[in-house]
There are 2 protein chains.
Amino acid sequence: MAKIKLSDYLFKRIQELGVDKTFGIPGDFVLPLYAAQERIGMETVVLTHEPSIGFAADAYGRLRGLGVALTTYGAGGLNMINPVGLAYAEESPLLVISGAPETKFRSNKPQFHHCVKDFQTQLRVFEAVTESQAVLDNPVTAQAEIDRVLETTVKKSRPGYLEIPRDMVNAEIEIQDRVPDTIESQAPTEATYAAVSEILSKLTQAKQPVLMAGAQLRRFHLMDKVISFCEALNIPVVTSILGKASFPETHRNFIGNYFGQFGNPKVKEFVESSDCILCLGAVLTEMETAGYTAKLPVENLIQVTYQEVSVAHHTYQGLDIKFVVEELVKQAVKSKSVKFQIPKIDPEALPDQKPEDPLKVAHIIKSLNSVLTSDFGVISDVGDCLYSGLSLKTDIFIAPGYYSSMGFGTPAGIGAQFANPKRRSIILVGDGAFQMTGMEISTAIKHGINPIVVLFNNSSYAMLKFIDQQRDYYDLARWDYVKLTEAIGGEAVRANTGAEFTDALAQALKSDKLFLIDAILDKDDISPTLKRLTDHFGKKVRAALAQAN
Amino acid sequence: MAKIKLSDYLFKRIQELGVDKTFGIPGDFVLPLYAAQERIGMETVVLTHEPSIGFAADAYGRLRGLGVALTTYGAGGLNMINPVGLAYAEESPLLVISGAPETKFRSNKPQFHHCVKDFQTQLRVFEAVTESQAVLDNPVTAQAEIDRVLETTVKKSRPGYLEIPRDMVNAEIEIQDRVPDTIESQAPTEATYAAVSEILSKLTQAKQPVLMAGAQLRRFHLMDKVISFCEALNIPVVTSILGKASFPETHRNFIGNYFGQFGNPKVKEFVESSDCILCLGAVLTEMETAGYTAKLPVENLIQVTYQEVSVAHHTYQGLDIKFVVEELVKQAVKSKSVKFQIPKIDPEALPDQKPEDPLKVAHIIKSLNSVLTSDFGVISDVGDCLYSGLSLKTDIFIAPGYYSSMGFGTPAGIGAQFANPKRRSIILVGDGAFQMTGMEISTAIKHGINPIVVLFNNSSYAMLKFIDQQRDYYDLARWDYVKLTEAIGGEAVRANTGAEFTDALAQALKSDKLFLIDAILDKDDISPTLKRLTDHFGKKVRAALAQAN
């Protein structure tokens, strides 16, 4: 049995899983881990504030299959609970590695800096928001614990937590043969065959089936298989909101993004008139169903998610989505009898604007669509940048479409560009979210990467204003974002009109630096999707507010 | 029995407790709570990012006796766990009120936006970092739950958590007679008298006693009593690091701040040669004992903390610090026989610098000491601004001296000025911490308050550099903080030399706006205290790093 330092084992396994960079902020309890990863040639992208670390590593993980945040104890780890919660909700393979006080102190009354109640506080907090956890305080079990947390994180695509006391980082551990993985099933079960057979029978007998592609297809690396499947049967495909870009939008079977009442009305009409809706890898949450407005009658619905298949009113449990999809492809390729029609559905028409008129969201989207190629990836925050962004033609689109935390966009755009350096990130972010984490553009500048930031600037928490009404506390402080960007070494221009935006985008494309476009929006302009969304959610909020009087 | 809306009851009780402002960021789940507090004339200071909310409300609470953060669910609440952890560790009365999804949805599978695992996730996380918690999902028990959490927060001076589903905000509740409070004892116990008697006997028989004043004296409103006590016996007084300014520094009995091996050597010498050290309201954590370097022999030590008195090797438990201190005063005033000498201890000498030389920390401290009056309060982040700041003569000094989270200073300085508008906040902050939460100066500008920010700019995580060695990842991105401040509407100047700093401070004092001084520090200049601290902690870190090779 070979002996190896605990941290060497950990970082080598992480490297094997395709990770070449971690994201973090150094702090005393984590310094030995920083030194350890340097030793094997990995480096940490140092951001400015911990919430950003989680978002950056999350986005990296969505593209690479694993993202790693490397943080100090307490003041570091506890400052990224929201991003970890987001990664849990949206099924992102985010691993948090936290330094910690030495094991030898753990039996004492814990009155160390960065400690809250006791040495279990941080673990308890992470237990609430991660899928798997381990405190590596024992060299004998360390390898098994590392393997378990890494495999769970990657294979279940949900966050994991490793806490490593400072005196364990370079402890020698004996490497055993790896215990066979029990997370993934090794072969399809009889239930898998039964489910697949029923799905195909339903689908091929349908008059107008449709496939809804969800985020799990990207998470579980099933995108290619689903392309084969839909081509074999020639089924039309939509994506869910969280699943946007889980199916190539340039594919001839793709007919649009489905977002219930909020999205393109023609896509809604087609999906909701379908007699067989196959949801592949989409969990039908509040957001995936557009606030439960989606009219997807259970009797017409087939849902295939990570470990479950539901057909109308009955459920097959304990299946592995990979085998379900693989079998679907095999069976579909065999049964070449059925071919469906792909309807022609145009994107929702966006109004034109005169070049000299105040800038509108629609113009931003059209301008971006005119330049988007596979050289770019789109990363969005929440707000109208996300909802209008659903109309962008892109094969990479990363956004917190379900959990909906503000502040995700800028750091995630940085993480995404590190994951895939050939893809320049186009970051869509509202001014409210930019005021939370937008200064992270400094990290892009420091590391010499060149995302384009499109700042949807309406000087307010616009969603809240449209859900409710104008109130002082929805107004944002006015920042000169151009001057601000220049103050930290980036390039920026302001666009007040359509023509100015077109011009700004052209400049951004020519620049090889981080480039911010301060897009000053017509104050009351929102996208049709956001209009429908805020009308719906506004009802609930206004009802609650009405009781107040 | 009167009927009242739940939110009216809550906010009226909060008002009765002396709170006139809450701190928050609006979000859909919390909007009815915003409207409810508006209705009774309270307002929320809207910050830019949730971690700042916690810090601002914490500082407000340290001065007012209660601080309130008003946040939305998930993306809001989970984004302030680190500040709440800090408030727990440092015993600050911070109440977090979180909006939440409606009770009627709580029995369903929770796939709402801003939800993580289930509707208990956020509660579980807050249980790990708060003293008391309640989900107000039942009108019958709501009043009792509100009372319990408010009283625990205020009387134990530790964070509390109230989660209020959106449909409960304006629910009618019946107001009962308030249940007698069981947190505070109502009278001194026999054990209290015994403890006090033993303390006084030890003290009056000592040759050279000293009183160490800790943070609990301010938290439990005992500062005046302790002044009477030390005057009665004429005992010399030092403050602990977290307790700085818990005893007036202009008082003739005050001899300095005690920070073990790291602080003023003459104070250390006096305290450690004392034959009776009475720690009043100081919990002897790692930081309070300067990394456990403090030489305070147990046989000479008396510790009076929130619910416990220890005299040498034995302990009285379940006492109330208020009665202990009250009895100490009564007995001391009676026994006028003993009067001790107050030694003359000078502050540690700080080197002078030529006006034209690169700016040094010592010059900042001297300049500030020359202008500090009771018109100001000093609020510090961690790093050398804190350690050098221990030499400031001030009667308000708020800093995370134990938990040591970066990012506290700027938002806390804003919270402090709202708590006490007559005191202009002088915010001391390093550039690493400023890059985390410094943009919160925007909130000061928006609300028309005028703190002075002294930015200790050394372009690095200087503490880490001095604990370890120069490494690339300790270098910070260079920001033009002057231009940055101007970009958001504040005033700022840069100071490269002693003369420039003196001049900048004069300008700041004349300004009625937020004013930032970008104090460019001589790169290798640190205060004597930080030098001693990083030498000590560096040993541990370097030992851990050495194993790596």
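In the predicted model, 73 residues of chain B are in contact with 73 residues of chain A, two residues being in contact if their C-beta atoms, placed from the backbone, lie within 7 Å. On the side of chain B that touches chain A, helix α2 (residues 31-39) of chain B gives the most, with six residues. Helices (H or I, at least four residues) and strands (E, at least two) are DSSP runs, numbered from the N terminus. The residues of this side of chain B comprise 43 nonpolar, 19 polar and eleven charged. Here Ala, Val, Leu, Ile, Met, Phe, Trp, Tyr, Cys and Pro count as nonpolar, Asp, Glu, Lys and Arg as charged, and the others, Gly among them, as polar.

Residues are numbered from 1 along each chain as its sequence is written, chains are lettered from A and ligands numbered from 1 in the order in which they are written. Because this is a predicted model, local features need pLDDT of at least 70 and side-chain atom pairs count only at pLDDT 80 or more, whereas totals for chains, interfaces and linings use all residues.

Chain A contains 20 helices and 21 strands. Its radius of gyration, taken over C-alpha atoms, is 24 Å, close to the 24 Å that the globule rule gives for 549 residues, so chain A is as compact as a globular protein of that length. The globule rule is 2.2 Å times the number of residues to the power 0.38. The C-alpha trace of chain A spans about 65 × 65 × 55 Å along its principal axes.

Three domains divide chain A: domain 1 (3-174), domain 2 (190-334) and domain 3 (361-544), with bounds that come from an automatic or database domain assignment. Between domain 1 and domain 2 of chain A, the C-alpha centres lie 35 Å apart. Four residues from domain 1 of chain A and six residues from domain 2 of chain A make the contact. The side of domain 1 of chain A that touches domain 2 of chain A has no nonpolar, one polar and three charged residues.

In chain A, seven strands form an open sheet with mixed pairing, in the order β11-β10-β9-β12-β13-β14-β15; two strands pair if DSSP finds at least two bridges between them. Its edge strands, each pairing on one side only, are β11 (254-257) and β15 (314-317) of chain A. From one strand to the next the twist averages 15°. Three bridges link β10 (residues 237-239) of chain A with β11(A) in the parallel sense, and A:Thr239 has A:Asn257 in β11(A) as its bridge partner. Helix α10 (residues 265-272) of chain A packs on the sheet, touching β9 (209-213), β10, β11 and β12 (276-280) of chain A, and its direction makes about 115° with that of β11(A). Axes are lines fitted to C-alpha atoms, for helices over the stretch in contact, and angles run from 0 to 180 degrees between N-to-C directions.

Chain B has an open sheet of six strands with parallel pairing, in the order β17-β16-β18-β19-β21-β20. The edge strands β17 (397-398) and β20 (491-495) of chain B each pair on one side only. Strand β16 (residues 376-380) of chain B runs parallel to β18 (residues 424-430) of chain B, joined by five bridges; B:Ser380 has B:Leu428 as its bridge partner in β18(B).

Elsewhere in chain B, β14 (residues 308-311) and β15 (residues 314-317) run antiparallel, joined by four bridges, with B:Glu308 opposite B:Gln317. These two strands form a hairpin with two residues between them, and B:Ala312 in the turn has a positive phi of about 45°.

Helices α12 (residues 361-371) and α19 (residues 498-510) of chain B pack at an angle of about 35°, with their axes 10 Å apart.
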